Amino acid sequence: MLKELRIEGAHREDHDGGGPPKWVWALIVAVVLLAGGGAWAWWWLSGNKPVPVQTATVRANGQGASADAVLQATGYVTARRMATVSAQMTGTLTEVLIDEGFKVKKGQVLARLDDTGLKAGLAAAQAQAAAAEASTGQLRAQLAQAEADARRQAELSASGMSTRQNQEQTATAVKTIKAQIEASLRQAEAAQAQVRQARVNFDYATVKAPFDGVVTARAAQVGEIISPLSAGGGFTRTGVGTIVDMDSLEVNVDVNEAYIAQVKADMPCEAVLDAYPDWKIPAHVVAVIPSADRGKATVKVRVALEKKDDRVVPDMGVRVSFLATKPKAEVAVVPGVLLPPDALAQRDGSDAVFVVHDNRAEQRAVKLGADVGKFKLVTSGLKAGETVVVSPPAELKQGSTISNKE
């Protein structure tokens, strides 16, 4: 009976000597880990919480619109005089004497075409002209003889030793030869005209510069066929190269038609090339083109640059500021960047700014110069185009994560 009341091992509770069960210890470890993780997360989030700030991009001193600018527009540098130079005949190139960037003078030889056939044609025309002149000379000699015969016949007829018929025949011979000489002279003139035409065609084999300028493109190579009409199809070039008169460069800008009434002829301007943002070029309005672009709602304005410079080339992007008054004489610009005063902070007793990189604040010491209008001039420690924090809060420090205020 006692043996039947014994509990088998599979049904017994494992108390391990009377201590707490294993699941209790597991629960205690889990609670400790969660508490530690929460404390660490609270510490990390409290130290790396994004700081909401406002930012601004700094620009170089001297860059940007003038204070008295009434309007700004963008456009491109264009050339009023530009030509793709070609021969006036179809032929094969034997010489190309230009390349991109070459400066050329008016009348300078740029290329030569095969002139073998033209040279032969000129020689034939010259030979025909020489033959016509020789024929005229022969007829002049015959005329001299005929006039002498006519004089003798007139003397003989006066003395009764010759008939009147002989006298008339000699006189007619003189008139006939004179007519032949006149016809020969006309033939000689025609031959000389053919010589001139052959010489002009021969000159067409030489391509010359139509004006002073710079070669901006070379379009053909030796051995290629060129034609002003591209008669040979896709394998025939229409020109040797493109020449631009750099003295004819100007700026074409598109002005919104809502503000075009503010733009007048001879209005002073300042042009700033995208390639040289610190260089202001004095300019003035040449004309307002009386035509609007209905797609863009703009009107084209021609602006003349008052200073010529090799740095200005066609198709450069440019920003034009239309001024209320003509700017004063140029003043030397102090190198540096213009900083909004609110972006300047005091850290550890020195001037500093916070530069934004990858949504983090980088504390940077700066050196200041004289104020430029309402801006602080930073002479070192900051570059144009960098983004800085405006009115940095006290909790902002090196490496702080930031977010832009809405």
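Does W279 count as buried or exposed, and what is its relative accessibility? In this predicted model, W279 has a relative accessibility of 16% and counts as buried, because the cut-off for buried is under 20%. Y276 has a relative accessible area of 30%, so Y276 is partly exposed.

These two residues also belong together in another way. A pair of aromatic rings is described by the distance of the centres and the angle of the planes. For Y276 and W279, the ring centres are 6.0 Å apart and the planes stand at 80 degrees. An angle over 60 degrees counts as edge-to-face, so that is what this pair is. The count of aromatic pairs comes to one.

R311 is placed over both rings. It lies over the face of W279, at 3.7 Å from the ring centre. R311 also lies over the face of Y276, at 5.4 Å from the ring centre.

Next comes a helix. Helix α2 covers residues 116–158, which is 43 residues. At 1.5 Å a residue, α2 should span 63 Å, and its end C-alpha atoms are 63 Å apart, so the two values agree. Just after α2, G160 takes a positive phi of about 80 degrees.

Strand β20 covers residues 350–357 and strand β21 covers residues 360–365. The two strands run antiparallel and are joined by six bridges. β20 and β21 form a hairpin, with two residues between them. In the turn, D358 has a positive phi of about 55 degrees.

Notes:
Residues are numbered from 1 along each chain as its sequence is written. This is a predicted model: local features need pLDDT of at least 70, side-chain atom pairs count only at pLDDT 80 or more; totals for chains, interfaces and linings use all residues. Side-chain values use heavy atoms; hydrogens and water are left out. Two strands pair if DSSP finds at least two bridges between them. Helices (H or I, at least four residues) and strands (E, at least two) are DSSP runs, numbered from the N terminus. The expected span of a helix is 1.5 Å times one less than its number of residues. Rings of Phe, Tyr and Trp (its six-membered ring) pair if their centres lie within 6.5 Å; planes under 30 degrees apart count as stacked, over 60 as edge-to-face and the rest as tilted. Buried means under 20% relative accessible area, exposed over 50%, partly exposed in between (1.4 Å probe, protein chains only). A charge sits over a ring if NZ of Lys or CZ of Arg is within 6 Å of the ring centre and within 35 degrees of the ring normal.
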